Amino acid sequence: MRHVTLAWMLAATLPLMPLAGCASFPETRPLERVDAATGYRYANLADAGQDEDLFVILTFSGGGTRAAALAHGVLERLRDAWVEIDGERRNLLDEVDVISSVSGGSFTAAYYGLHGDALFDPEGRFHRNFLYRDVEARLKRGLFNPYNWARLASKTFGRIDIADEVYQDLLFDDADFGDLTARGRKPFLLINATDMAKGSRFTFVQSQFDPMCADLDRVTLSRAVAASSNFPVAFTPLALNSYPGRCDYREPAWVAAGLRDLEANPRRYYRARSLRDYQAPERRYVHLLDGGVADNIGLRYPLTAIRSTDVPWSVLRKINLEQIDKLVVIVVDAKTQQVPDFDTSPRAPGLTQVVSNIATTPMANYSFDTVELLRQTLRTRADAQQVSRETTPPDEALHRVELYRIYVGFDQLQDEAQRERFLSLPTTFRLPAGEVDDLRRIGGVLLERSPCFQSLVGGRYDEPACVQGVPSPSPGAAPSS
Amino acid sequence: MDQYLKVVFPTRRHVWIDGAPAGWTNKVCQVETGHHVVTLSPTHPNFQPEQFDLLVTGTRPDAPLILEFTRKDAGT
């Protein structure tokens, strides 16, 4: 019977084989001319310069449906949170300026960026077709469809292109970045993938596509999300076309300066090199992997914007220009921490376990360092502001910014059983409805419990809580002995 | 590493760093360690020198690098 089925499937596939040569990934359209006034750039959003005195950045980590649900829970809590600034009550979700996301977190970010509050609709598409759905089964159906076998025989069409089509069908239709540009509203989305050739972050914003002379406005959101969640081996690398040298691209002035900084600031030097490399004439394609390979927190690009004036939407520039008075960075980290059992046995751990460790441990360590780098960055700034205030006339001192660093992660949970439960959830695109509900709830709870978040919504800036992570003692509290 | 810079000019102007507005004159601002081209807003090009092209390193918030621009027409 099995042979009959196989024979039937082969017979059904054979007529489709000629299609194999035709199947190819969707072509990225060339950009005729780089124009800073067009395309998906922060500065081109209609409300770009508005309400920046409170500047809110969210980062959503990878972690499949677990990460998507946790991010969703944080957005829900922000929807119900308010801050008072200069006597004006403002909704925190409306105040979000930038969302930087990776992998599973990119589904929530992209859907919210495109559809706003429709994300929260219990009967809506995001809940029905993604959050509470077995997306893995849907992906498998796509891969096992005989029609797709024929297409997958093509060398320019891979499993990731099937995933792109599935996400299009489930969530995004043919919405592209041009639609986001036309929507013209914050938050500015930074959907992050990894450039396979360089191992560096690749973000779906027009400034990244400029040196490739490629038009991001014609790239679909499903494709960006597929690239961002392109788990290596399970999927094939995702390809984009590049047309270097065809659009009169002029690199930003900082690149020439940065290329002189190998000794003084190697981080900046390599950023400059990276941008210049996209202009190499032989680089006609860019192959992308999951954003988690380069940065599984989605925090690196915002960190660069906080530390450098080079980024087109540089936060540091806005601080220097006295446009930002309160900077809020909320890191939503769905990392897990499974406790392996191989140390209970003298037997050597198996190959699967070893490969899994090699694949995940460096990523987890790098993510930890990234979160710590944010703490260090904000602390250095806070210290500098204080020194400047003490030694310089007030109107000449560094602009004083309140710095809010809020970390949402399962390891913040006090209850041990609860903590262990969330830390051991799998990375998958299917979770039972109860787990999704709990993840949404716990996202809100973790945010709510953060002393820094309380300080933000309470209107009482607690710098030790927000910068160092050590809340100030409450008034009247007895000193510890 | 973070660096600190103060651009001095008789009036309040935008300071341009590497081709974009990135601070105000007569006020300490923060920049990243490295080479930078510092000038004033090109809207009123009545200042000199035209620009500073220099490596910014080794500064502190209480000892920023001071760069002074003067009016082109000063003293004439």
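Trainee: What should I know before I start?
Mentor: This is a predicted model, where local features need pLDDT of at least 70, side-chain atom pairs count only at pLDDT 80 or more, and totals for chains, interfaces and linings use all residues. Residues are numbered from 1 along each chain as its sequence is written, chains are lettered from A and ligands numbered from 1 in the order in which they are written, and side-chain values use heavy atoms, with hydrogens and water left out.

Trainee: How many disulfides over all chains?
Mentor: There are 2. A disulfide here is a pair of cysteine sulfur atoms within 2.5 Å.

Trainee: Which cysteine does C213(A) pair with?
Mentor: C247(A), with S to S at 2.0 Å. The link is left-handed, with -70 degrees about the S-S bond.

Trainee: Which parts does that pair tie together?
Mentor: C213(A) sits in the loop between α10 (206-209) and α11 (221-228) of chain A, and C247(A) in the loop between β7 (238-241) and α12 (253-258) of chain A, so the pair ties together parts 34 residues apart in sequence. Helices (H or I, at least four residues) and strands (E, at least two) are DSSP runs, numbered from the N terminus.

Trainee: Are C213(A) and C247(A) buried or exposed?
Mentor: Both are buried. Buried means under 20% relative accessible area, exposed over 50%, partly exposed in between (1.4 Å probe, protein chains only).

Trainee: And what does C452(A) bond to?
Mentor: C466(A), with the sulfur atoms 2.2 Å apart. This link of C452(A) and C466(A) is right-handed, at 110 degrees about the S-S bond. C452(A) lies in α19 (451-458) and C466(A) in α20 (463-468), both helices of chain A, so the pair ties together parts 14 residues apart in sequence.

Trainee: New topic. How many cavities of 30 Å³ or more?
Mentor: The count is 1. On a 1 Å grid over the protein atoms alone, a cavity is a set of points where a 1.4 Å probe fits but cannot get out; lining residues have an atom within 4 Å of a point.

Trainee: How much space lies in the largest cavity?
Mentor: About 70 Å³. A volume is the space filled by probe spheres set on the points, which are joined across faces, edges and corners.

Trainee: What lines the largest cavity?
Mentor: Residues including I306(A), R307(A), T377(A), D2(B) and Q30(B). α16(A) gives the most, with 3 residues.

Note on methods:
On a 1 Å grid over the protein atoms alone, a cavity is a set of points where a 1.4 Å probe fits but cannot get out, and a pocket is an open set with protein on both sides within 12 Å along at least five of seven lines; lining residues have an atom within 4 Å of a point.
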